[in-house]
Each structure stands twice: as C-alpha cells, then as structure tokens.
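Please keep the sequence and the structure in view while working through them.

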Amino acid sequence: MSDYYALEPGTFVDDQGVVHNMVPGSVVAAVPSAKEMAERYGREVRFDFLDDRAVHWMLFQRREDTEKGSFLGCALAIPLIVFGVGAWPFWDLVASEKSRQFQIAFIAVDALVVCASILAVYLVRRRSLLDPVVRNVRCRARLYRKIVGVARKGGADIPRMYPYYGMYATSRKFFPEAPERPMPEREQSP
C-alpha cells in the first residue's frame, strides 16, 4: 500500500496521477438536494459522504485500486493488441501469400493467443473484481461522483471534471457484511 499520509490533507490523486484539492463536504452540503442525496446514499452504503476525512480515505483507496488495475491491464493488453489488431496486417501482407496449412495454423495460433490473453486478464482481475471490500469502495466512489454532480448542478462551486476519474463497471452492489479497510496508522518518527 502506498503511503496514505504522504498526501497533504485535503488532496487526492486522480486516474492520471495528478494531485487535486478535494471539495469540502460543506460545499456539497450547501446544496439541499445534494445533502439529502448524500445522507440517503450514506445510509445505504454505511458511509458519510460529507465527512472530509472519510471521503479522503475513500478517494485514496480508489486511486490504489485503479493503479493496480491499470498496470495489469496495460501488461496484459499488449498481447491482445499485437495478436488481435496486428493479425489483420500480418494476414494481408504475409499469410495470404502462404500455403493453406500456414493460414490455418496462423488462425489457430492467433485465436489461441487472443483467447489466452482474455482469460489471463479475467483470472488476474477476478479476485479484485469479486472482493466485496474493494467493490464497496467502488460503489461509494460511484455514489460520491453522483452526489458531487448534483451539487455542481445545484450551484456549488465545484470544478467541472471533479472528482477527475471515470466510472467503475463493478460498482453497483454494496456488501454490508464486508469489513471496512482500516485507515493506516501514522508512523511515529523516532
């Protein structure tokens, strides 16, 4: 886990690694419809969307999750790009001029590599995609984004792209029985 306390209080890192200032919960709470939505969603997912410290921790966890997924996704996407997209030019320039046996072998090997890559992506990400603790963070991040959008539309001074990240595909269900990830203890210097 990267160091949570290396971030200044009230700042967070977006998907591209850029540090941004958080919008305080009081700004969101100033819009009645956003405050009501934050309280309603907060009861549903057992989270205080107006507590700056809790939101800061949630945004940190979200960034860690995204960082892990993006590294693995890039590493496993290379074979998909090479053998998926690169198959057409190879076929057009090389394989179409070869024997029928070569063409069949090329198609079989290419399909095998593409299927193996897709399976590898699934197996590598499966654990985090099914982990209820991680999915709860994703669910809360999705709801936070909705709440902030309502506050922005209601006149709150919130930057247009805040909170500067995209949506999760696996963020719809909240797992109330899942444990909370504890905030790390601050290390005391000697």
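Helices (H or I, at least four residues) and strands (E, at least two) are DSSP runs, numbered from the N terminus. With this numbering, Pro 163 has its place in the segment after α6. The model used throughout these exercises is a predicted one.

**Exercise 1. Describe how helices α5 and α6 meet, and say which residues make the contact.**

Solution. Two packed helices are described by the angle between their axes and the distance between the axes. Begin with the distance: the axes of helix α5 (residues 100–130) and helix α6 (residues 132–153) come within 5 Å. Next take the angle, which is roughly 70 degrees at the crossing. Angles of 65 to 115 degrees count as roughly perpendicular, and α5 and α6 are therefore roughly perpendicular to each other. Then list the residues on each side: α5 contributes Arg 125, Ser 128, Leu 129 and Leu 130, while α6 contributes Pro 132, Val 134, Arg 135 and Arg 138.

**Exercise 2. Classify the ring pair of Phe 12 and Tyr 164, and then the ring pair of Tyr 144 and Tyr 162.**

Solution. Rings pair if their centres lie within 6.5 Å, and planes over 60 degrees apart count as edge-to-face, those under 30 as stacked and the rest as tilted. By this rule the count comes to 8 aromatic pairs. For Phe 12 and Tyr 164 the ring centres are 6.3 Å apart and the planes stand at 35 degrees, so this pair is tilted. The pair links distant parts of the chain, since Phe 12 belongs to strand β1 (residues 11–13) and Tyr 164 to the segment after α6, 152 residues apart. Both Phe 12 and Tyr 164 are buried.

For Tyr 144 and Tyr 162 the centres are 6.2 Å apart and the planes stand at 75 degrees, so the pair is edge-to-face. Tyr 144 lies in helix α6 and Tyr 162 in the segment after α6, so the pair ties together parts that are 18 residues apart in sequence. Tyr 144 has a relative accessibility of 2% and counts as buried, and Tyr 162 is likewise buried, with a relative accessible area of 2%.

**Exercise 3. Which peptide bond is cis, and which residues have a positive phi although they are not glycines?**

Solution. Start with the peptide bond from Tyr 162 to Pro 163, which is cis, with omega near 5 degrees. Then turn to phi: Tyr 164, in the segment after α6, has a positive phi of about 60 degrees although it is not a glycine. Arg 46 is not a glycine either, and its phi is positive at about 55 degrees. Arg 46 is placed in the loop between α2 (32–45) and α3 (52–85), and with a relative accessibility of 55% Arg 46 counts as exposed.

**Exercise 4. Is Ser 117 buried or exposed, and what is it in contact with beyond its neighbours within four places in sequence?**

Solution. First locate Ser 117, which lies in helix α5. Its relative accessibility is 8%, so Ser 117 counts as buried. Leaving aside the neighbours within four places in sequence, Ser 117 is in contact with Pro 79 and Leu 80.

How values were computed. Residues numbered from 1 in each chain as written. Predicted model: local features only at pLDDT ≥ 70, side-chain atom pairs only at ≥ 80, totals over all residues. Heavy atoms only, no water. Axes fitted to C-alpha atoms, helices over the stretch in contact; angles between N-to-C directions. Parallel < 35°, antiparallel > 145°, perpendicular 65-115°, else oblique. Contact = heavy atoms within 4.5 Å. Phe/Tyr/Trp six-rings, centres within 6.5 Å; stacked < 30°, edge-to-face > 60°. Buried < 20%, exposed > 50% of the residue type's maximum accessible area, 1.4 Å probe, protein only.
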